[in-house]
Amino acid sequence: MNEQEFARKVAAHLSASARELDDGVVERLRAARERALAVQRPARGLSRFFGGRVGLRVRLPAALRPLAVSVAILAVVVVGDYWATWARVMTLQEVDTALLIDDLPIDAYLDAEFKAWVQQESRS
Amino acid sequence: MGAARIAFMILAFMVGGAAAAAVTPIGAPRWDALSAEERHILAPLSADWNRMSDEQRQKWVGIARDHRRLTPEEQARIQARMKDWANLRPEQREAARDQYRSLRNIPPDQRDALREQWQRYRSMPPEERAVKPDTRPQRGVLRPAPRGNKE
């Protein structure tokens, strides 16, 4: 008996045995096969971009996936915009406070020639 | 199906952009919404408050919030100057901030002399304030070669 003939006999034996399994076992085997295929399925979209290592654990219906991606991108845009505005306001607040409590009056900082004059004084 | 998805995403971005513009910056209150203490501190700005940009109002609210950390002298100074400062054009304020940053970067021993220098500068006639050109030789500047001097 060569190797191929042996394999055919084993397969025929397994197929005959599988028909004798009860429904519960068949269902568990089917579910296990689907899980194994899902793991082997090539990554798509963002998952492929991240090398298939990063993915959502939550399974969304296919119709909702574009919506979820849009919501995530919009959240990043809104948070980024808010952060940039907050940083700009904080910088303005810091500089304006320092300038307004300074012992030099505002006019000293509005007179562009004063700075040049001070630099000239420091050279002489 | 593909076109519908793209159209949906473009619509979502437009709505999101409008939402971002609407919430930015978060919490720039109207004059009536300020606390009594904030209104007292920012009283010089009351007439112009509702015409100010959101960012300006946000900034002044922050200044009012930190007001109690200042010394009494600094508090009086900031209140006396805030109206003049708010009435400047945005480009004037930006130029003043730039000059403040560069003058504050000079060495500490010269920084202490700035107030005295300002008094002296103000008391001088305008023609004496004019900055004389720097006649010292500059290192690293090459003179142009004379014309017709072929090598």
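Four residues of H5(B) are buried: Arg93(B), Ala96(B), Tyr100(B) and Leu103(B). Buried means that 20 or more other C-beta atoms, placed from the backbone, lie within 10 Å of the residue's own; exposed means 12 or fewer, and partly exposed is in between. This is a predicted model: local features need pLDDT of at least 70, side-chain atom pairs count only at pLDDT 80 or more, and totals for chains, interfaces and linings use all residues. Residues are numbered from 1 along each chain as its sequence is written, while chains are lettered from A and ligands numbered from 1 in the order in which they are written.

**Helix H5 of chain B**
- The buried residues of H5(B) pack against H4, H5 and H6 of chain A, together with H4 and H7 of chain B.
- H5(B) has 15 residues, which should span 21 Å at 1.5 Å a residue; its end C-alpha atoms are 21 Å apart, which agrees. The expected span is 1.5 Å times one less than the number of residues.

**The two chains**
- Chain A has six helices and zero strands. Chain B has eight helices and zero strands.
- Helices (H or I, at least four residues) and strands (E, at least two) are DSSP runs, numbered from the N terminus.
- Of the 124 residues of chain A, 9% count as buried. For the 151 residues of chain B, the figure is 12%.
- H2(A) covers residues 23–40 and reaches 26 Å from its first C-alpha to its last, close to the 26 Å expected. Its 18 residues include zero buried ones, so H2(A) lies largely in the open.

**Where the chains meet**
- The contact takes 41 residues from chain B and 35 residues from chain A. Two residues are in contact if their C-beta atoms lie within 7 Å.
- On the side of chain B that touches chain A, the largest share, eight residues, comes from H1(B).
- That side of chain B divides into 20 nonpolar, nine polar and 12 charged residues. Ala, Val, Leu, Ile, Met, Phe, Trp, Tyr, Cys and Pro count as nonpolar, Asp, Glu, Lys and Arg as charged, and the others, Gly among them, as polar.

**The largest nonpolar core**
- This core has 20 residues; among those with the most contacts inside it are Leu99(A), Phe114(A), Trp60(B) and Tyr100(B).
- A nonpolar core is a set of buried Ala, Val, Leu, Ile, Met, Phe, Trp, Tyr and Cys residues joined through C-beta atoms within 7 Å.
- The largest share of this core, four residues, comes from H3(B).
- Ala64(B) is in contact with Glu38(B), Ile41(B) and Leu42(B), leaving aside its neighbours within four places in sequence.

**Confidence**
- The model scores ipTM 0.71 and pTM 0.61.
- Chain A averages a pLDDT of 82, and chain B averages 80. pLDDT is the predictor's confidence in each residue, from 0 to 100.
- Among the elements of chain B, H1(B) has the lowest mean pLDDT (60) and H2(B) the highest (95).
- Where pLDDT is low, the predicted coordinates should not be read in detail.
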